[in-house]
Amino acid sequence: MLSVQSVDYSYGPVKALREVSLTVGPGEIVSLLGANGAGKTTLLSVISGLLAPARGQVLLGGQVLSGRKTSLVVEAGLVQVPEGRQVFGPLSVEENLQLGAYCRRGRQHRQQVSRDFEQVYHLFPPLARRRRQPAGTLSGGEQQMVAMGRALMAAPKVLLLDEPSLGLAPLVTREIFDIIKKLPEQGCSVLLVEQNALGALSVAHRGYVLTNGSIRFSGSAAEILGDRQLREAFLGPERFEGSTGNKP
Amino acid sequence: MSGWEQLSQYVMSGLTTGSIYALAALGFCLIYNATHIVNFAQGDFISLGGLMMYTLLGAAGLPALLALPLAVAVVAGLGVMLEALAIRRAKSRDLTVLIFITVAASALFRGVFKEIWGKQALAVPPLSPDVPLRFLGATLTPQNLWILAITLAAIAVLIYFFNHTLTGRAVRAVAINPKAAALMGIDTRRMVRLSFALAGGLGALAGAIITPITTASYHVGVMMGLKGFAAAVLGGYGNFLGAIVGGLTLGLLESLGAGALSSAYKDVIAFVVLLLVLFIRPRGLLGRGEEARV
Ligand SMILES: Nc1ncnc2c1ncn2[C@@H]1O[C@H](COP(=O)(O)OP(=O)(O)OP(=O)(O)O)[C@@H](O)[C@H]1O
Ligand SMILES: [Mg+2]
């Protein structure tokens, strides 16, 4: 479904991505793990069309997306929840969600969009109680829900999540991961970027490990978790100790 | 004339010029929120609005109902061109450079207007025949009422647009966080362009309604634009409500100050008050350092 092929990207002289390839299939949750500065956010920016890759391409369902404007990438069904949530603070929760459905603003989508509003409120009950509240006044966990709900309102085929657990309490993280786990049932594949490897691998089917801009390993969640060397070398042991997730 | 009548007269005339400052200030805010650029060509949008009305209403004899929207459309188009041909194409994204481009564009616009319309002051017919009216002790022309009514209508339309339409919310989303807006599939360039069109349209409106009183000329909007900029700063730069409050406050201060002292000090009074307010409240009357609701 989503296919990233040999993507290179540099910030001036700094090589941030080298020959990165990965795929996310229909109904899959794929995790992309890596330490600070590994290039995870850069890769998502390239996938979303915020950055143009120096080499390589991004395809969705066989259609080439790299080189297209972000708005067209979103219309094609590739939607990102950015690092640090980035909700529209002064706007209400409902307005944030409505903007999520911006790519479906045509009249023909109206009914489906209003059904999806209910679906999102059902998935994130705290948001339903805070529809009229400015999103910026919500707690971190609730803002993450707004950011995810907003992205889901675009009816994505593939959802890209950039460190959704960052800065959240363990219990809230668990809640967020539980919701991510349900997304494939609704026809939405997930590329989950995380530093919280245990948490991410508890919901992901497969994973990739990114270090210094290159994919160093890919395999099933169990394989990554089972490989002690991989854990220590690429993810850092500290990530596993204080972690919030449980093995599935 | 009794004291009350005089006061009423000053207030009405202050609200009239204040409306123009408010419209100009809103134009500054729109472009600032979308791009963080201070657009020094805003005053030329006002000039062109007046000049277009001179041509369409006076020379071509079109009815006001047709001339006004046409003038607004032409200047909105100029706003879009400024963005598409100058700002967007600039190799630099440095704000200082971009702001300087608007200064250069302003000089260019003035030169072109002078070529087309000449240097002299041009009489623009009022929107309806000039019969003096009495209102709360003040003597007004129908044009005064048109100015107030059209300004109120423009503000109402903006409030509706930004709070109740998806496109309006998308413009606000781009102002709040352009990257997140792009990730929602919003074409940020289109929203920026729309902001320039709106700023042009507001400038045109201001020029079209004030020039029957001031006459039109190639540079008539320059001082009004500067006052609009001052009004926007006074209200809290980038804040829509602040632009309206700032514009009306500045208009009233000028008018009352001119009445109390001498009209020779009109401009000085306005800018001294502006400096004083900024001294006490550096963010302006309503500035909070973040985007506010319309
Ligand atoms: N705008 C930029 N200009 C220059 N270099 C950048 C820029 N953004 C990121 N980099 C560099 O590119 C590399 C990858 O950064 P990136 O943000 O993609 O990492 P990340 O894996 O998302 O890290 P984190 O976990 O901290 O979010 C880093 O070395 C970073 O310093
Ligand atoms: Mg990152």
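This passage looks at how chain B and chain A meet, and then at salt bridges in the two chains. The model is predicted, so local features need pLDDT of at least 70 and side-chain atom pairs count only at pLDDT 80 or more, while totals for chains, interfaces and linings use all residues. Residues are numbered from 1 along each chain as its sequence is written, chains are lettered from A and ligands numbered from 1 in the order in which they are written, and side-chain values use heavy atoms, with hydrogens and water left out.

At the interface, 22 residues of chain B are in contact (heavy atoms within 4.5 Å) with 23 residues of chain A. About 2,100 Å² is buried between the two chains, and carbon and sulfur atoms give 65% of it; buried area is the accessible area (1.4 Å probe) that two parts lose on being put together, summed over both. On the chain B side, B:Leu166, B:Leu183 and B:Met184 lose the most area, together 34% of what that side buries.

Salt bridges (a side-chain nitrogen of Lys or Arg within 4 Å of a carboxyl oxygen of Asp or Glu) also cross this interface, and the rule finds two of them. One pairs B:Asp187 with A:Lys69, their closest N and O atoms being 3.0 Å apart. Helices here are DSSP runs (H or I, at least four residues), numbered from the N terminus. Helices H6 (166-176), H7 (178-183) and H8 (188-214) of chain B each supply at least two residues of the side that touches chain A, and H6(B) gives the most, with six residues.

The salt bridge between A:Glu95 and B:Arg169 has its closest N and O atoms 2.9 Å apart. A:Glu95 lies in helix H3 (residues 93-100) of chain A and B:Arg169 in helix H6 of chain B, so this pair joins two chains. Relative accessible area (1.4 Å probe, protein chains only) counts as buried under 20%, exposed over 50% and partly exposed in between. A:Glu95 is buried, at 5%, and B:Arg169 is buried too, at 12%.

Over all chains, the count comes to 16 salt bridges. Within chain B, B:Asp44 and B:Arg110 meet in one of 3.6 Å, N to O. This pair links distant parts of the chain, with B:Asp44 in helix H2 (residues 42-59) and B:Arg110 in helix H4 (residues 95-117), 66 residues apart. B:Asp44 is buried, with a relative accessible area of 1%, whereas B:Arg110 is partly exposed at 27%. In chain A, salt bridges that share partners join A:Asp8, A:Lys15, A:Glu19 and A:Arg55 into one network.
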